[in-house]
Amino acid sequence: MTQYKGRTINRLTPGAAEFTVPPLALGDASLDHGRRQQLAQQTGVADAFPHRFGVVASCIVAGSIFAAAGSQLQNPLPETRLQDISMAAARPAAPATPFEFVAVTIGRNDTLDRIFRDLQLQVSDLAALRSLPDVRKNLDIIRPGDVIQMTHLDGELKSLTRRINETATLSVTRAEQGFSANIVENPLETKEQRLAGTVDSSLYVAVNDAGGTDRLAVSLADVFKYDIDFVNAVQPGDRFVVTHEQRWQDGEFVRDGDILAAEFVNSGRTYRAVRYVMPDGHADYYTPDGRPVRKAFLRYPVDYARISSGYSSARWHPVLHRVRAHRGIDFAAPAGTPIKAAGSGRVIYRGTKGGYGNVVELSHSHGITTLYAHMSRFARNVGIGDRVAQGEVIGYVGMTGLATGPHVHYEYRVNGVYRNPARVTVPKADPIPANLMEDFRAKTAPLLADLDAPAAEPVRVARAGR
């Protein structure tokens, strides 16, 4: 494995692919070991041959050898012909065109044209590939980290493979007339898994101990984030049960899918959610009675942040060094952490505002406005008058204005009156329409019943690097 101009290239070359197996070695089974070694040295067939040519090439050559040997046993050669063969065996083998396999890991700013030229491959072959409709659209868009595998003979491309996505691979081979290409499909298999666990130190540890992944822990917290503060309120003894999908391919775990149903017991209070897909394809989580788990406003505008300063009518200001009202909540988070719109609304202010530093202010329905301050920078395509959806990134955590550390200051007002974001009762999202309740109950009843099933033993999922 070598590093080559910004990209990783793995070469597999039979340096002495230039070899010729003498017929004498095929027919004379009485050759001693020393003679066989001598012939191997003369012909370039070494112990490393399978490693340098690959398993497939080794099998092809071995098959040819045995076939030739069998043919000779059935049709013995004349003595004069054997003498000619012996003389031919003594002559050095004529060099053959080297065969090479190359696996290229795409680096930044790489292009196929540059790769072909750097590897001294025929650029005309690349042009021929691009003339194929199915190839061009699946080959021209390459990203850092993508892997392209190629075989060639003296720079003439013989085959090329490139994984398009997790279920499809582009395969190109040289035919008698140009190149032929096809898309090899390898679909994912969906399985359901049910996990149950108890929090001891953290949700991440509990989910992993139950046989889940970090991604599943994040998804579980995302389902219940409107009701549970997973940073400050989760404590030892809290319990969870979750049924979710997994994606498998060729018998190996690929990734987690959607959570289908979940239960979380926090401080003795039970929360349940079940996934339901509307006729129009929109999916969301609902309580067992059809009320949406999602609220009109997020609890926090940043994920997994720590409250560094609460709502107060009289707080000692760390910069001004005097007591003043703090009409919002400060959430400490690393600089650059995405700040999300707490609810759907319209941008009414975007700019700098005194001690607030960089600010975005949103207007929502029912006379509600929210403010987000001390941003390091604003999100792109978020300007005054633009509509934003709940959870959409509007900026990034910073410490502009009067701030002693990176955080976001979050305010919530109703008709201009400040309210404590931690205590305000926010409007609820729309419930399941009455005409869909029967369908909702029929599809979610089995999922909710699964939450009550006895807990199974944890199933460990093998993952790379763990």
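His-244 is found in strand β9. Helices (H or I, at least four residues) and strands (E, at least two) are DSSP runs, numbered from the N terminus. The model is predicted: local features need pLDDT of at least 70, side-chain atom pairs count only at pLDDT 80 or more, and totals for chains, interfaces and linings use all residues. Residues are numbered from 1 along each chain as its sequence is written, and side-chain values use heavy atoms, with hydrogens and water left out.

Is His-244 buried or exposed? His-244 counts as buried because its relative accessibility is 0%. Buried means under 20% relative accessible area, exposed over 50%, and partly exposed in between (1.4 Å probe, protein chains only). Leaving out residues up to four places away in sequence, His-244 touches Lys-191, Glu-192, Gln-193, Leu-195, Leu-216, Asp-256, Asp-258, Ile-259 and Leu-260. Contact means heavy atoms within 4.5 Å. Lys-191 is 53 residues from His-244 in sequence, yet their C-alpha atoms are 8.4 Å apart in space. The side chains of His-244 and Gln-193 also make a polar contact at 2.8 Å. A polar contact is a pair of N or O atoms within 3.5 Å; within protein, one must be able to donate a hydrogen and the other to accept it, and residues adjacent in sequence count only if both atoms are side-chain atoms.

His-407 sits in strand β23 (residues 407-414). His-407 counts as buried because its relative accessibility is 9%. A polar atom of its side chain lies 2.9 Å from the backbone oxygen of Gly-405. Beyond four places in sequence, the contacts of His-407 include Asp-330, Phe-331, Ala-373 and His-374.

## The chain as a whole

The chain has eleven helices and 24 strands. Of its 466 residues, 39% are buried. Among contacts with a separation of 6 or more, 62% are between residues 24 or more positions apart. The chain exposes about 25,600 Å², and carbon and sulfur atoms supply 52% of that. Accessible areas come from the Shrake-Rupley method with a 1.4 Å probe; for residues, only the protein chains shown count as cover.

Take helix α7 (residues 123-130). Its buried residues are Asp-125, Leu-126 and Leu-129. Seen down the axis of α7, they fall within an arc of 100°, so they line one face of the helix. The arc is that of the directions from the helix axis to the C-beta atoms. Their cover includes α6 (112-118), α8 (133-139) and β5 (156-165).

In helix α10 (residues 214-223), Leu-216, Ala-217, Leu-220, Ala-221 and Val-223 are buried. They are on the same side of α10 because they cover an arc of only 155° around the axis. They pack against elements including α9, β9 (239-249) and β10 (252-266).

## Salt bridges

Side chains of opposite charge can pair when their charged atoms come close. A salt bridge is a side-chain nitrogen of Lys or Arg within 4 Å of a carboxyl oxygen of Asp or Glu. By this rule there are 19 salt bridges. Glu-166 and Arg-255 form one of them, at 2.7 Å from N to O. This pair links distant parts of the chain: Glu-166 is in the loop between β5 and β6, Arg-255 is in strand β10, and they are 89 residues apart.

Asp-258 pairs with Arg-275, with the closest N and O atoms 3.3 Å apart. Elsewhere, salt bridges that share partners join Asp-110, Arg-114 and Asp-118 into one network.

## Two loops with a positive phi

Most residues other than glycine have a negative phi. Asp-154 has a positive phi of about 55°. This residue lies in the loop between β4 (147-153) and β5. Asp-154 is exposed, with a relative accessible area of 60%.

Asp-250 also has a positive phi, near 55°. Asp-250 lies in the loop between β9 and β10. At 64% relative accessibility, Asp-250 counts as exposed.
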